[in-house]
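Here is a short report on one protein chain. Keep the sequence and the 3D view at hand while reading.

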Amino acid sequence: MRLGRLAIAAAVSCLLLAGCASSVSPTPSPAALQATPSAAPTVAIPTGSPAGVASASPGASPGVPVDPGLLAALPATVSGQQVSEVPEIEAQLVADPSLVHNASSLAVALGINMATGDFAYVAVIELKPLVFSNAYYLSWRQSYDQGACSQSSGLKSTASTTIAGRQVFVGTCNGGALTYHVHLAAPDRLISITSVGPANFGQIVLSSLQP
């Protein structure tokens, strides 16, 4: 599944970060959030769709509803920094054909320390019934990580770990950015995070997820 229009959304995100230098990949590739490990983060979210997942034709649906309630799974703060919804980015995502086809709702949030550059960018996607499968989830992660690391010297490695009792898949970019993926069931939700900085906001967010 792709998070379409995310390259545009990433540019919006970067503008929100008061002067950060943005660089958005023009190549269609999977849903991703990419950032360099500097105090002036670069964020990019290209498009792409996993094999075997069909996309709806444009106009087939009015769009994916934005549901701020999805962010209730996240902590309100990370290391003292507020985790805030980013409506400007959500507005760029709702009409993406693949999301329209596969997602029942979405929300995105950002927690950032402007002084240090540490941040976690979080996408929460609630899937329609019967969309989730292990193959789908694998394709999602591969697509996200490829795009996330495309401007951070490529993907270095992937691993699986346990955080707060949940299986979490972690991608490490050569440039230092980290990606995290977790699946929450009943209903099926995918939480994908790009985390930058030594404070490791992404891991902190996942440590504090609500049931």
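In which strand is Leu110 found? Leu110 is part of strand E3. The model is predicted, so local features are described only where pLDDT is at least 70.

Is Leu110 buried or exposed? Its relative accessible area is 10%. The cut-off for buried is under 20%, so Leu110 counts as buried. Val78 sits 32 residues away from Leu110 along the chain. The C-alpha atoms of these two residues are 9.9 Å apart.

## Overall layout

The protein has 5 helices and 8 strands. The protein has 211 residues, and 54% of them are buried.

Among contacts with a separation of 6 or more, 63% join residues 24 or more positions apart. The protein exposes about 8,500 Å². Carbon and sulfur atoms supply 55% of that area.

## The sheet

In what order do the strands of the sheet run? The order is E1-E2-E3-E4-E8-E7-E6-E5. This is an open sheet of 8 strands, and the pairing is antiparallel. Strand E1 (77–78) and E5 are the edge strands. Each of these two pairs on one side only.

His181 stands opposite Ser192, a residue of E8. The loop between E7 and E8 holds Pro187. Ala186 and Pro187 are joined by a cis peptide bond, with omega about 0 degrees.

## Two nonpolar cores

The largest nonpolar core has 26 residues. Leu99, Val108 and Ile125 have the most contacts inside it. Helices H2 (87–93), H3 (97–102) and H4 (134–148) each give two or more residues to this core. So do strands E3 (103–112), E4 (119–127), E6 (166–173) and E8 (189–196).

## Helix H4

H4 has 15 residues, which should span 21 Å at 1.5 Å a residue. Its end C-alpha atoms are 21 Å apart, in agreement with that figure.

The buried residues of H4 are Tyr136, Tyr137, Ser139, Trp140, Arg141, Ser143, Tyr144, Asp145, Gly147 and Ala148. An α-helix has 3.6 residues a turn, so residues three or four places apart point the same way. Which elements do the buried residues of H4 pack against? They pack against H3, E4, E5, E6, strand E7 (178–184) and E8.

## The disulfide

How many disulfides does the structure hold? It holds 1. Cys149 and Cys173 form it, with their sulfur atoms 2.0 Å apart. The torsion about the S-S bond is about -80 degrees, so the disulfide is left-handed.

Cys149 lies in the loop between H4 and strand E5 (155–163), while Cys173 lies in strand E6. The pair therefore ties together parts that are 24 residues apart in sequence. Cys149 has a relative accessible area of 1% and is buried. Cys173 is buried too, at 2% relative accessibility.

Ser79 is not a glycine, yet its phi is positive, near 50 degrees. Ser79 lies in the loop between E1 and strand E2 (81–85). Its relative accessibility is 47%, so Ser79 counts as partly exposed.

Asn200 is not a glycine either, and its phi is positive at about 50 degrees. Where does Asn200 lie? Its place is the loop between E8 and helix H5 (201–207). Asn200 has a relative accessibility of 17% and therefore counts as buried.

Technical notes
Residues are numbered from 1 along each chain as its sequence is written. This is a predicted model: local features need pLDDT of at least 70, side-chain atom pairs count only at pLDDT 80 or more; totals for chains, interfaces and linings use all residues. Side-chain values use heavy atoms; hydrogens and water are left out. A nonpolar core is a set of buried Ala, Val, Leu, Ile, Met, Phe, Trp, Tyr and Cys residues joined through side-chain atoms within 4.5 Å. Buried means under 20% relative accessible area, exposed over 50%, partly exposed in between (1.4 Å probe, protein chains only). Helices (H or I, at least four residues) and strands (E, at least two) are DSSP runs, numbered from the N terminus. A disulfide is a pair of cysteine sulfur atoms within 2.5 Å. Contact means heavy atoms within 4.5 Å. Accessible areas come from the Shrake-Rupley method with a 1.4 Å probe; for residues, only the protein chains shown count as cover. The expected span of a helix is 1.5 Å times one less than its number of residues. Two strands pair if DSSP finds at least two bridges between them.
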